[in-house]
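The structure is shown first.

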Protein chains: 2
Amino acid sequence: MAVTWVNGVPCDRIAVNDRGLAYGDGLFETIAVVAGRPRLWEAHLDRLRAGCARLQLPEPPAEPLWREARALCRQQPTGHGLLKLLYTRGSGGRGYAPPAEPEGTRILTLHPWPDWPETHWRNGIELFLCQTRLARQPLLAGLKHLNRLEQVLARSEWSDERWAEGLVRDGEGWLIEGTASNLFGVAGETLITPPLDDCGVAGVMRRNIMLLSDELQIPYEVTPVDPNALRGMDEVFVSNSLAGIWPVRGLSDGTVWAAPGPVTRRLQQALCAQGVVPGPGRGEA
Amino acid sequence: MAVTWVNGVPCDRIAVNDRGLAYGDGLFETIAVVAGRPRLWEAHLDRLRAGCARLQLPEPPAEPLWREARALCRQQPTGHGLLKLLYTRGSGGRGYAPPAEPEGTRILTLHPWPDWPETHWRNGIELFLCQTRLARQPLLAGLKHLNRLEQVLARSEWSDERWAEGLVRDGEGWLIEGTASNLFGVAGETLITPPLDDCGVAGVMRRNIMLLSDELQIPYEVTPVDPNALRGMDEVFVSNSLAGIWPVRGLSDGTVWAAPGPVTRRLQQALCAQGVVPGPGRGEA
């Protein structure tokens, strides 16, 4: 069962005039809770703050937010879970013009850990190639904002559990990301991930993997990838803050990859050593 | 003061796990209430149903919705107001995948009539040319969905009351619409409005004006318009379900037009005769 706090108070409802509902005027973060603690918290907060700057939203109060997150997570002291943080521009009058002095609404919800099979980490997953294309909007690209109809449409394209995730392209056919994850390929020794300047969500785990790559001296490139280039990759994986890294062993167009490949494996192990994703069976050696 | 009903019951809160909040997974309509009655109701419902089809949402129950709308409007039996109808995919678990059998949330809010000055109708307004560009997303174009960050960003560009509305372009520079209205120009005898196949909201009042144009034997064309073409128009106006028609007398780049021009005037009079926008001073002869 989910437990929710709104602005620091146990509550599971918000005002219908909240701009988060009216216009998707807000941001969110999905945070792994491992052994009762929210992980990569500062990285999530950094992205949230960057989103606030872009949307001209006042930043949420960092100290109460951390206190509330910790308190909620203590309700699951030994277990894993996920903490969803929504932050909106709060209540407002009718009309698009933002209030001059908005009072943001912060919503924290603690969810149970998703029941993904361990084989997702160990043997890899298969991806569905979606037809839904992402629009190019540099003003919003990279942000984890609340305007997510494109992801809903893409995720609606399949229901067969064979596909653990779907890949989405932009209007020109460049691969951008998964519906709820970022995409990486490995060509030779080099890690490759698509740029997110025009669309897509700049994942906290994506950034974390780039930092880990530096530590592990794995070179990486941010460069456009089309389906043909992906087919030629030696390894493919997707990442997000909850899953960490899922190796990819196939795509719905029939492409197969060896999974997990050696670079994917090294990064999975580094993630486990970091303690930012849950333990046994999640890709350890 | 606004009065709100959620799923037929007086209530001004919704569940934080409503997909309307989480993803903007829903639609809305803004409906003029004139002399206690919602206007152009069937046209609004038509657009809402078209949006449901596109988003694979079950349609809201038409009869209860109408009953609730009428009951709410009776709270303002002689006056004018506006009825905002939100319809979302309802509560859902975490994750983009829509529930197999969603139970939509319908939210009706009765607001007071906006206090726009009568000069907006009589002498025309000035438009601000926004820098925010609309992304091209044919899957969502035309719908009045809840993903409205582009409109929030565009509307944030100005606060000076001199500009009653802002004009937005797509990424290639084509004029699409106002932040909360549609755009029309008149060249000679012909009414012109931009296509909305790739972005923009297909306004109920835009469609109504096209139907009126047929009745009045005013030819119209749906054709791309750039700022240069707009400068050369004989008349310009914007429309929406509340304002009806506002003649445009200037743009923030210095362009001026005679306002209201004769075609604009004819259409304003036809709207008043229809009774779909409030009375005296709203453009009558």
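In this predicted model, the side chains of A:Thr109 and A:Thr4 are joined by a polar contact of 3.2 Å. A:Thr109 lies in strand 7 (residues 105-112) of chain A. With a relative accessible area of 10%, A:Thr109 is under the 20% limit and therefore counts as buried. Leaving aside residues up to four places away in sequence, A:Thr109 touches A:Ala2, A:Val3, A:Thr4, A:Leu72, A:Leu82, A:Leu83 and A:Lys84.

Strand 4 of chain A is largely enclosed by the rest of the structure, because nine of its nine residues are buried. In a regular strand, side chains alternate between the two faces of the sheet. On one side of strand 4 of chain A, the buried residues are A:Gly26, A:Phe28, A:Thr30, A:Ala32 and A:Val34; on the other they are A:Leu27, A:Glu29, A:Ile31 and A:Val33.

| Strand | Partner strand | Sense | Bridges |
|---|---|---|---|
| strand 4, chain A | strand 6 (residues 81-88), chain A | antiparallel | eight |
| strand 4, chain A | strand 5 (residues 37-38), chain A | antiparallel | two |
| strand 1 (residues 3-6), chain B | strand 2, chain B | antiparallel | two |

In chain B, six strands form an open sheet in the order 2-1-7-6-4-5, with antiparallel pairing. Strand 2 (9-10) and strand 5 (37-38) of chain B are the edge strands, each pairing on one side only. B:Val6 has B:Val9 of strand 2 of chain B as its bridge partner. Helix 2 (residues 41-55) of chain B packs on this sheet and touches strand 4 (26-34), strand 5 and strand 6 (81-88) of chain B. The direction of helix 2 makes about 180° with that of strand 4 of chain B.

A helix pair is also found in chain B: the axes of helix 6 (residues 204-215) and helix 8 (residues 262-274) come within 11 Å and cross at roughly 105°. Because of that angle, helix 6 of chain B is roughly perpendicular to helix 8 of chain B. Helix 6 of chain B contributes B:Met205, B:Asn208, B:Ile209, B:Leu212 and B:Ser213 to the contact, and helix 8 of chain B contributes B:Leu267, B:Ala270, B:Leu271 and B:Gln274. By class, the contact has six nonpolar, three polar and no charged residues.

Notes: Residues numbered from 1 in each chain as written. Chains lettered and ligands numbered in written order. Predicted model: local features only at pLDDT ≥ 70, side-chain atom pairs only at ≥ 80, totals over all residues. Heavy atoms only, no water. Axes fitted to C-alpha atoms, helices over the stretch in contact; angles between N-to-C directions. Helix = DSSP H or I, 4+ residues; strand = E, 2+ residues; numbered from the N terminus. Parallel < 35°, antiparallel > 145°, perpendicular 65-115°, else oblique. Contact = heavy atoms within 4.5 Å. Nonpolar A, V, L, I, M, F, W, Y, C, P; charged D, E, K, R; others polar. Pairing = 2+ DSSP bridges. Buried < 20%, exposed > 50% of the residue type's maximum accessible area, 1.4 Å probe, protein only. Polar contact = N/O pair within 3.5 Å; in protein donor to acceptor, adjacent residues only side chain to side chain.
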